[in-house]
Amino acid sequence: MAYRNAQEIFPEGLLKQIQRYVSGETIYVPAREEKKAWGETSGYQQYIRERNQEIRAGFSQGITIDQLMDKYALSYDSIKRIVYSRKEIAMLKYNATLSSAQAYGQAGKLDAWIHLYLNEDGRNIPFSDGLKLFDRYYFSPALFPIRLFHRCAGPEPEMKYRIDKDWWAIRVADLEKSIQNDPDMPPLIVHYVAGEFELNDGNHRHQAYENLGIENAWVILWITEEAEKDDFLSRFGEYVKDCTVIRR
């Protein structure tokens with residue numbers, strides 16, 4: 001084994017640190033070994049992979065995030081990271097925008113966008129969990145007249161979900177500015193049931209569109225029953241003739 005002067009190898013600062021421990025002696029520096037990943041030897045990583053696969057399978061079958069949290073003793077954020085792993089949709093980039101929703105729709109992953117949106121920017125986890133209870137038909141974003149939809153949230157006494165009038169006004173005003181600056185807003189989410197349209201998500205945006213005089217808005221439509229899908233298509237099919245339809 002050839003002898004080499006440490007002064008020719010190490011930077012001055014590092015050499016001074018080494019000299020604090022040994023000076024004027026010959027030392028052996030072993031070759032670096034490839035270090036195994038943490039948990040590889042014990043089989044822990046294999047266990048994690050199998051557990052995560054079980055979690056994703058359960059989620060796809062309708063088990064809610066809360067139920068998975070209880071079953072696997074994991075936090076909400078941990079379960080969300082597993083079931084919405086970007087590895088599953090590696091070529092797609094999530095944003096709370098129409099263009100992102102359209103990209104997911106074209107890839108047949110519209111339901112993934114919906115749940116990402118509701119769990120993150122939409123802040124409506126119960127709605128997301130409820131959608132997983134049954135298979136639904138989802139229509140990729142389509143342009144609809146907003147006159148078809150009626151709000152279920154707002155400051156008015158008749159609203160199903162009452163919102164403080166001052167906070168409502170502030171939020172709507174902020175959205176009006178956002179829409180004017182960048183129209184690439186997330187689509188409204190609407191349920192067609194019993195011949196009517198329920199505006200599930202986007203009540204503030206709906207009001208902002210009305211205030212700005214915007215007559216049409218992009219909408220993600222979902223329907224549960226086959227008969228209701230047929231009824232919708234017979235009455236409003238013109239609006240979704242170029243849409244991708246998936247059932248999840």
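## Two packed helices

Helices H5 and H6 pack at an angle of about 145°, and their axes lie 7 Å apart. Helices here are DSSP runs of H or I with at least four residues, strands are DSSP runs of E with at least two, and both are numbered from the N terminus. Axes are lines fitted to C-alpha atoms, for helices over the stretch in contact; angles run from 0 to 180 degrees between N-to-C directions. This is a predicted model: local features need pLDDT of at least 70, side-chain atom pairs count only at pLDDT 80 or more, and totals for chains, interfaces and linings use all residues. Residues are numbered from 1 along each chain as its sequence is written, and side-chain values use heavy atoms, with hydrogens and water left out.

Which residues make the contact? From H5 come Ser 100, Ala 101, Tyr 104 and Gly 105. From H6 come Leu 110, Ala 112, Trp 113 and Leu 116. Contact means heavy atoms within 4.5 Å. By class, the residues of this contact are 6 nonpolar, 2 polar and no charged. Ala, Val, Leu, Ile, Met, Phe, Trp, Tyr, Cys and Pro count as nonpolar; Asp, Glu, Lys and Arg count as charged; the others, Gly among them, count as polar.

## Ser 100

Ser 100 lies in helix H5. Is Ser 100 buried or exposed? Ser 100 is buried, with a relative accessible area of 4%. Buried means under 20% relative accessible area, exposed means over 50%, and partly exposed is in between (1.4 Å probe, protein chains only). Leaving aside residues up to four places away in sequence, Ser 100 touches Lys 93, Tyr 94, Asn 95 and Trp 113.

## The sheet

Strands of a sheet pair through backbone hydrogen bonds, either parallel or antiparallel. Here 5 strands form an open sheet with mixed pairing, in the order E5-E4-E6-E1-E7. The edge strands are E5 (196–201) and E7 (245–247), each pairing on one side only. From one strand to the next, the twist averages 35°. Two strands pair if DSSP finds at least two bridges between them.

Strand E1 (residues 137–145) pairs with strand E6 (residues 216–223) in the antiparallel sense, over 7 bridges. In this pair, Ala 142 stands opposite Val 219 in E6. Helix H5 (residues 98–106) lies across E1 and E6 and runs at about 140° to E1. Helix H6 (residues 110–119) also packs on the sheet, touching E1, E4, E5, E6 and E7. The direction of H6 makes about 75° with that of E1.

## Strand E4

Strand E4 spans 188–193. Of its 6 residues, 5 are buried, so E4 is largely enclosed by the rest of the structure. E4 pairs with E6 in the parallel sense over 4 bridges. The bridge partner of Ile 189 is Ile 220 in E6.

E4 pairs with E5 in the antiparallel sense over 5 bridges. Val 193 stands opposite Glu 196 in E5. E4 and E5 form a hairpin with 2 residues between them. In the turn, Ala 194 has a positive phi of about 55°.
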